[in-house]
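User: I would like to learn how to read a fold. Can you walk me through one, feature by feature?

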Amino acid sequence: MAISELVGVYDADGGLLGEAAYVWGRLRGTRHCSLCDITHSTVRRKAEWDRMAASLPVPVRLLHLNELDDGLRRAVASTGAPVVLGREGDEWREVVGSEELDEMAGSVGALEVVLRRRLGDPARGTD
């Protein structure tokens, strides 16, 4: 079965308090989210990320831990966050895990190559 949707899940809560807690933890060196590094610059979402996500053959959503429905919450409980999950039918599976996201060192291009390969889009997903 093919992946019909991607969801990137940050290792942080959303909203004003969640964002503030993440920024404070990051400044203190106690928090880090490699998916945040890929999708965001210091102050806003990267235009490069928006262009890449819009060009993928499936829709992409980005969610925080406190924004997950029950199915996504169960998937993240088994994979950990940050993670990129793919929907196959009614199930979610890990497409890119946290260690692999860490290795991408904030690179939108590196994530694009992996996502295209795993989505079966070989024309643009080559190393």
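User: Which helix holds L111?

Analyst: This is a predicted model. L111 lies in helix α6, which spans residues 108–119.

User: Is L111 buried or exposed?

Analyst: Buried means under 20% relative accessible area. L111 has a relative accessible area of 0%, so L111 counts as buried.

User: Which residues does L111 contact, leaving aside its neighbours within four places in sequence?

Analyst: I38, W49, V96, L101 and M104. Take W49 from that list. L111 and W49 are 62 residues apart in sequence, yet 9.6 Å apart in space, C-alpha to C-alpha. For the protein, consider contacts between residues at least 6 apart in sequence: 58% of them join residues at least 24 apart.

User: How do I read a sheet, and what is the strand order here?

Analyst: Strands of a sheet pair through backbone hydrogen bonds, either parallel or antiparallel. Here four strands form an open sheet, ordered β2-β1-β3-β4, with mixed pairing. β2 (60–63) and β4 are the edge strands; each has a single partner strand, so one side of each lacks a neighbour in the sheet. On average, neighbouring strands are turned by 30 degrees against each other, direction ignored.

User: Which pairs are parallel, and which antiparallel?

Analyst: β1 and β2 are parallel, over four bridges. Within that pair, G8 has L62 in β2 as its bridge partner. β1 (residues 5–9) and β3 (residues 83–88) are antiparallel, over five bridges. There, V7 is partnered by L85 in β3. β3 and β4 (residues 91–96) also run antiparallel, joined by five bridges. In this pair, G86 stands opposite R93 of β4.

User: What share of the protein is buried, and what makes up its surface?

Analyst: Buried residues account for 42% of the 127 residues. The accessible surface is about 7100 Å², and 51% of that belongs to carbon and sulfur atoms.

Methods. Residues are numbered from 1 along each chain as its sequence is written. This is a predicted model: local features need pLDDT of at least 70, side-chain atom pairs count only at pLDDT 80 or more; totals for chains, interfaces and linings use all residues. Side-chain values use heavy atoms; hydrogens and water are left out. Helices (H or I, at least four residues) and strands (E, at least two) are DSSP runs, numbered from the N terminus. Buried means under 20% relative accessible area, exposed over 50%, partly exposed in between (1.4 Å probe, protein chains only). Contact means heavy atoms within 4.5 Å. Two strands pair if DSSP finds at least two bridges between them. Accessible areas come from the Shrake-Rupley method with a 1.4 Å probe; for residues, only the protein chains shown count as cover. Axes are lines fitted to C-alpha atoms, for helices over the stretch in contact, and angles run from 0 to 180 degrees between N-to-C directions.
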